Amino acid sequence: MRSDGLSHSCAFSLSFVNQKHLLVRRRLVVRASSDFAIQGRDLSFSVTTLQGKVVPVLNRCSITIPEGQLWMLLGPNGCGKSTLLKVLAGLLIPTDGAVHIKRPKSYVFQNPDHQVVMPTVEADVAFGLGKLNLTVDEVRSRVMKSLEAVGMLQYLLRPIQTLSGGQKQRVAIAGALAESSRVLLLDELTTFLDENDQMGVIKAVRNTIGGLEKVTALWVTHRLEELDYADGAVYMDDGKVVMHGNVSDIKNYIKEQQVAYAKKKNRKNL
Ligand SMILES: Nc1ncnc2c1ncn2[C@@H]1O[C@H](COP(=O)(O)OP(=O)(O)OP(=O)(O)O)[C@@H](O)[C@H]1O
């Protein structure tokens, strides 16, 4: 675990963040203390284009996710979902607002090849435990428990390159669990996966939620069928959360948006 509370999964991501684009006014990332696991309040974030134009991406965006639950984050392309997730993870620094989040926390990437780096499954899940001063038996026990939680125990000794994309995602999640992550921030994990792998990953996440450790996950997705596995959902548009609540309300809202969009498009074509 890194000193800033990020897991090894997050450590790699910093190289993806172009610091030139960050407008840093203040940094407020503190530990959460009540029954929510994730809270962002009035978060703003902007990027500066190569032409020097400042473009707002998050616009006083607020979100609260209860502890021990799996919530989905949805919204149109470019509305700011990944940016919000990175701000919550501490990978991007908001220009304004505050983040409260339980720790340890882990951010898992869309592309598992960006974070599954060791030659075998066992070595990869154990990778982040090096700094925790654990005995060999403790490391092994954590690795096995985490792999079991994501249904990958039988792959313990497998070379990483023999795994499918979804299996690699589950190894990445096991790595986060091995580090006792209380919060998983999951960025479109199933985008590149076939249906079988997609279900394997979502069921693995579902299986890790709650429990004694009260693990909480926020899952960015475009796939409406994944909502069936969620305890709640958040819908973003234009840099802010516009709906926050139970899955059926969010599904209805999305359907209404789709109908309104189709009508608008038809009118334009007339
Ligand atoms: N470094 C950057 N430079 C310029 N624009 C950026 C940068 N990072 C994000 N953006 C812009 O900010 C907006 C939000 O991006 P973000 O990736 O958060 O959206 P998203 O909702 O996750 O999109 P998608 O669903 O397509 O993955 C987009 O218009 C994107 O082009």
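**Figure 1. Helix H5 of the predicted model, residues 165-178**. At 1.5 Å a residue, the 14 residues of helix H5 should span 20 Å, and this agrees with the 20 Å between its end C-alpha atoms. The expected span is 1.5 Å times one less than the number of residues in the helix. Helices (H or I, at least four residues) and strands (E, at least two) are DSSP runs numbered from the N terminus. H5 is mostly covered, with 14 of its 14 residues buried. A residue is buried if 20 or more other C-beta atoms lie within 10 Å of its own, exposed if 12 or fewer, and partly exposed in between, with C-beta atoms placed from the backbone. Ser 180, which follows H5, has a positive phi near 60°. Residues are numbered from 1 along each chain as its sequence is written. This is a predicted model, in which local features need pLDDT of at least 70, side-chain atom pairs count only at pLDDT 80 or more, and totals for chains, interfaces and linings use all residues.

**Figure 2. The shell around the ligand**. Among the 13 residues around the ligand, those that come nearest are Asn 77, Gly 78, Lys 81, Ser 82 and Thr 83. A residue is near a molecule or strand if its C-beta atom, placed from the backbone, lies within 6 Å of it. Helix H2 (residues 81-89) supplies the largest share of this shell, three residues. By class, three residues of the shell are nonpolar, nine are polar and one is charged. Ala, Val, Leu, Ile, Met, Phe, Trp, Tyr, Cys and Pro count as nonpolar, Asp, Glu, Lys and Arg as charged, and the others, Gly among them, as polar. The predictor gives the complex an ipTM of 0.95 and a pTM of 0.84.

**Figure 3. Backbone geometry at Asp 42, Arg 60 and Pro 104**. Asp 42, in strand E2 (residues 36-48), has a positive phi of about 50° although it is not a glycine. Asp 42 is partly exposed, because 14 other C-beta atoms lie within 10 Å. Arg 60 belongs to strand E3 (residues 54-66); its phi is positive, about 50°, although it is not a glycine. Arg 60 also has 14 other C-beta atoms within 10 Å and is therefore partly exposed. The peptide bond from Arg 103 to Pro 104 is cis, with omega near -5°. Pro 104 is placed in the loop between strand E5 (96-101) and strand E6 (105-108).

Figure 4. Gly 128 occupies the loop between helix H3 (121-126) and helix H4 (136-149). Lys 263 and Tyr 107 are 156 residues apart in sequence and 38 Å apart in space, C-alpha to C-alpha.

**Figure 5. Confidence along the chain, including residues 1-33**. The protein averages a pLDDT of 86, and 87% of the residues score at least 70. pLDDT is the predictor's confidence in each residue, from 0 to 100. Over residues 1-33 pLDDT stays under 50. Where pLDDT is low, the predicted coordinates should not be read in detail.

Conventions. Two residues are in contact if their C-beta atoms, placed from the backbone, lie within 7 Å.
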